[in-house]
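I opened a notebook for this structure and wrote down what I looked up, entry by entry. The sequence and the structure come before the entries.

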Amino acid sequence: MKEPDPINDALSTTSVVESGLFSDLNRRSFIMRNAVIGAAAVMTGQVWTSEARAQQAATEAAKKSVLPVLDSSSMSSELDVVKRAKGPVITVLDEFYKVGPGPSSSHTIGPMRITYDFYQRCSKLPADQLAQASGLKVHLFGSLSATGKGHGTERASLAGLLGKEPATVDPLFLDAMKEKPNEFYPLKLGGKTFNLSLADIVYDSAKGEFPHPNTMTCKLMAGDKVVYELEYYSPGGGFYEWKGYTSPKKGQPTYPYATMKELRGHAEKNKLSIAQVVMANELSVSGKSEADINAFLDKITNAMLATVKAGLSMNNDVLPGPIKLHSKAATVFERAQDDKYQSDKAIALVSAFALAASEENARGHLVITAPTGGSAGVMPAIVYALVNSDRKLTMDKAREGLLAGAAVGYLCKHNATLSGAEGGCQSEIGVAAAMSAAFIAQVMDSSPQVTENSAESALEHHLGMTCDPVAGYVQVPCIERCAFGAVKAWVAFLIATNEIAARHRVDLDTTIETLAETGKDMSIKYKETSEAGLAANLVLC
Ligand code: SF4
């Protein structure tokens with residue numbers, strides 16, 4: 001009989017796994033437990049036969065798999081955003097990159113798009129139904145209720161009800177609402193005029209069983225009676241859907257993919273860049289012409305440049321809300337000019353650009369979801385830095401970068417989440433950094449493997465990051481966090497472009513899967529409820 005070899009036995013898992021003995025267990029969990037027991041055996045000198053160790057690992061892995069999930073914000077399987085997570089990615093660019101008022105894609109842009117949708121529906125109702133109506137009401141639930149005040153959800157919701165579109169609303173209109181909270185605004189629907197005010201937006205239950213953490217209802221009322229009502233959800237990134245929603249018919253992708261492995265496979269097999277694969281799919285899924293798609297991408301690039309420029313022009317103002325936070329993008333930008341060390345200057349400038357766009361978000365001014373409002377400083381900082389540096393990034397190259405960044409964002413949305421209320425800040429700043437790293441890699445003409453590695457590295461080093469906005473305002477930690485996200489994106493690209501690409505040990509799909517699992521396990525207290533972390537500990541005087 002073979003003598004047990006404590007070191008080799010302890011570190012070997014292959015034979016027991018390959019035997020298929022534990023095929024009903026989580027394979028990764030089993031391998032991990034087996035390795036841990038083996039390592040402990042080496043350190044303590046304890047002798048385990050491989051069978052005994054496998055049995056122990058199987059027992060521990062099975063125990064682990066029955067642990068209760070700490071996620072109280074699980075979503076209804078009826079939601080389209082959940083159903084769409086199966087099959088290939090069919091998200092298109094204008095669903096993903098959206099321009100609208102900050103500070104939050106899920107709490108500001110999403111609700112505003114929702115109430116604008118409701119306004120449009122109401123304006124098409126039969127005249128007799130409208131004739132009965134006496135007013136409109138919006139009820140906010142879950143996270144929208146818990147932190148909506150800090151996000152200006154009530155102002156965005158009212159503006160949408162009044163027929164204002166997020167992409168074109170004048171931010172000064174929203175600022176004025178804040179200054180005159182008791183103002184009445186006339187809304188003409190059919191032959192009737194309603195006088196609406198912020199009191200018509202109701203902060204309803206923050207806790208309860210909702211189909212999605214960001215649920216809201218819009219109602220056309222006749223006194224206390226509901227004439228017409230619709231329940232909506234704002235799942236992040238400015239997306240929205242309603243009860244019974246089915247996604248519009250789209251074309252089939254030329255290169256179907258649901259994972260980065262599949263996407264990179266298409267690129268490598270067909271000798272295309274990641275951006276070229278995404279463009280081919282955009283053409284076939286959206287049915288738009290390449291000229292229209294390029295025009296949209298240029299609009300997004302210009303909006304990103306504009307948001308940074310606007311932020312840099314605001315000097316040391318106090319951002320809205322109880323934190324009384326002074327803006328600092330302009331100060332950091334000005335002081336960085338005199339930095340005698342080029343490396344310090346470069347990092348400070350990227351940080352200043354991210355602070356600038358993020359502070360614009362905090363002011364409730366127009367931002368671009370890439371992928372969300374809270375993370376809206378990250379990608380614009382990278383775009384601005386590349387355009388306004390010796391690299392002089394052209395609009396053509398920026399298009400490619402936005403396409404590659406979108407692919408990473410699509411995959412995170414498809415296989416995890418883009419919402420801080422579902423997955424914590426790793427889903428917002430983490431995804432924004434991963435998209436930005438892919439942007440840099442793509443515009444530097446990196447291979448698909450290096451593009452993936454850049455995105456992976458940026459996302460990996462945001463895993464576990466919680467969402468705890470102080471006082472419910474997207475300012476602390478969000479604004480500086482955008483600067484860190486932008487710098488980390490650059491570091492991720494620099495490592496990925498200088499390492500030997502094939503030796504990168506972690507693939508993007510594994511990191512996205514980890515993002516999803518970590519988000520599910522994260523306590524609800526750390527998911528945009530402002531009940532823990534900095535939000536609970538920072539004392540505002
Ligand atoms: S902490 Fe992160 S996820 Fe939460 S609101 Fe701020 S940016 Fe968004």
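Which residues is Ala-486 in contact with, leaving aside its neighbours within four places in sequence? I found Val-350, Ser-351, Ala-354, Val-378, Ala-381, Ile-382 and Ser-436. I note that this is a predicted model, and I read the contacts with that in mind.

Entry on the cores. I looked up where Ala-486 belongs, and it is among the residues with the most contacts inside the largest nonpolar core, which has 98 residues. Phe-353, Ala-381, Ala-407, Ala-434, Ala-437 and Ala-489 are the others named with it. I then checked which element gives the largest share of this core, and it is helix 20 (residues 429-443), with 12 residues. Another core lies apart from this one and has 32 residues, including Ala-133, Met-177, Cys-218 and Tyr-232.

Entry on the whole chain. I counted 24 helices and 9 strands in the protein chain. Of its 541 residues, 49% are buried. I also looked at contacts between residues at least 6 apart in sequence, and 78% of them join residues at least 24 apart.

I traced 5 strands in an open sheet and wrote the order as 5-2-6-7-8, with mixed pairing.

Strand 7 (residues 225-236) and strand 8 run antiparallel and are joined by 3 bridges. Tyr-232 has Trp-242 in strand 8 as its bridge partner. Tyr-232 also turned up above, as one of the residues of the core of 32 residues.

Next I looked for helices on the sheet. Helix 9 (residues 143-151) packs there and touches strand 2 (135-140), strand 5, strand 6 (215-222) and strand 7. The direction of helix 9 makes about 105° with that of strand 2. Helix 10 (residues 153-161) packs on the sheet too, touching strand 2 and strand 5. For helix 10, the angle with the direction of strand 2 is about 145°.

Entry on the ligand. How many residues surround the ligand? I found 13, and the closest are Gly-374, Gly-420, Cys-425, Cys-467 and Cys-478. I sorted the shell by type and got 7 nonpolar, 3 polar and 3 charged residues.

Methods
Residues numbered from 1 in each chain as written. Predicted model: local features only at pLDDT ≥ 70, side-chain atom pairs only at ≥ 80, totals over all residues. Pairing = 2+ DSSP bridges. Helix = DSSP H or I, 4+ residues; strand = E, 2+ residues; numbered from the N terminus. Contact = placed C-beta atoms within 7 Å. Axes fitted to C-alpha atoms, helices over the stretch in contact; angles between N-to-C directions. Buried ≥ 20, exposed ≤ 12 C-beta atoms within 10 Å, placed from the backbone. Near = placed C-beta within 6 Å. Nonpolar A, V, L, I, M, F, W, Y, C, P; charged D, E, K, R; others polar. Core = buried A, V, L, I, M, F, W, Y, C linked by C-beta atoms within 7 Å.
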